[in-house]
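Please look over the sequence and the model below, and then follow the text through the charged pairs and the nonpolar core.

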Amino acid sequence: MRPGDPSLSAESRAAEERALVSERVQGIIDERRARDRVETGRVHPYFGQLRAQLEKQMEAPPLFDMPSFPKQLLYSYAEKARQFGASGSPGSMPGLRSAPKPGELVAKRARDEPGYNRLRAQSQAGEELQDFAHGVSTMKLTVTLELNQGPDGLLREVKLISRSGNRAYDDYVLQSVPPALGKSAAPPPDAMGVHTDGIRSVWAVEGRVVYTRKASDMKKATDNVYLAALAAAGLLAGNFDETTGEVYVIDVRNPHFECRSRLLRVY
């Protein structure tokens, strides 16, 4: 149909194919480098400031449509079983070795002394309840975003890479990003990931239901019975926030939503 068209010659088609393959290979290399920068910690503290601003903007999200407490608890047990099958440990997947939990220390001793079995069971139950209450093993909603900023940090574009499956949560996250980044200062021009043509990064914004409450918010008249029941069951547990001085206790009666941002890639 187009005799003599130089773009249809074997040499031209081979050159076009080489350019296409080179572009794909370079894209794979760029993706790997972007992940490696984050995984090896070779990112500027500026991105830590962005994470803090994102989370501050989403500090008190509404309680989105999530499964009920019994279903969340069932999911938690299923997730523990899945991790145990994959790694041989009911805890988190293998990674950097952290300090052993009290339950792990008791379990190690209980292998040789059956008298510790009851203490081990109570300790492990408390640790699992802590993980569940803080949203570690509850069901999560995760949105993946690509943020494009100018070299001065000004937000240019937000791209939605993957949805959570909950439209209300997706909309909430997308609406929260512009005001969050609008408060950020300009990054240093020599920071890794900051280029003359701008900044490109990918984030996961994870939302989960947590079951913790400030001890100072609990009322003596209505909450004492609940706290006494937890104490009787050996499940009265909580944690102390060193930055605010607040004591948090587990309260399965008052679920609320929490958002956490995680940097995935910096190009």
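**Charged pairs and the core**

In this predicted model, the side chains of Glu258 and Arg208 form a salt bridge, with 3.7 Å from N to O. Because Glu258 belongs to strand S8 and Arg208 to strand S4, the pair ties together parts that lie 50 residues apart in sequence. Arg208 counts as buried, at 15% relative accessibility. Both residues also belong to a network of salt bridges that links Arg51, Glu55, Glu206, Arg208, Glu258 and Arg260.

The count of salt bridges comes to ten, and another of them joins Lys159 to Glu146, whose closest N and O atoms are 4.0 Å apart. Lys159 lies in strand S2 (residues 155–162) and Glu146 in strand S1, so this pair ties together parts that are 13 residues apart in sequence. Lys159 is partly exposed, with a relative accessible area of 37%, whereas Glu146 is buried at 9%.

Within helix H1 (residues 10–39), Arg32 and Asp36 are four residues apart and therefore separated by about one helical turn; their side chains meet in a salt bridge of 3.1 Å, N to O. Arg32 is partly exposed at 40% relative accessibility, and Asp36 is partly exposed at 21%.

Turning to the nonpolar residues, the largest nonpolar core holds 32 residues, and Phe47, Tyr169 and Phe257 have the most contacts inside it. The elements giving two or more residues to this core include helix H2 (45–57), strand S4 (198–210) and strand S8 (256–266), while H6 gives the most, with six residues. Beyond its neighbours within four places in sequence, Tyr169 is in contact with residues including Phe64, Leu141, Val205, Glu206 and Phe257.

Conventions:
Residues numbered from 1 in each chain as written. Predicted model: local features only at pLDDT ≥ 70, side-chain atom pairs only at ≥ 80, totals over all residues. Heavy atoms only, no water. Core = buried A, V, L, I, M, F, W, Y, C linked by side-chain atoms within 4.5 Å. Buried < 20%, exposed > 50% of the residue type's maximum accessible area, 1.4 Å probe, protein only. Contact = heavy atoms within 4.5 Å.
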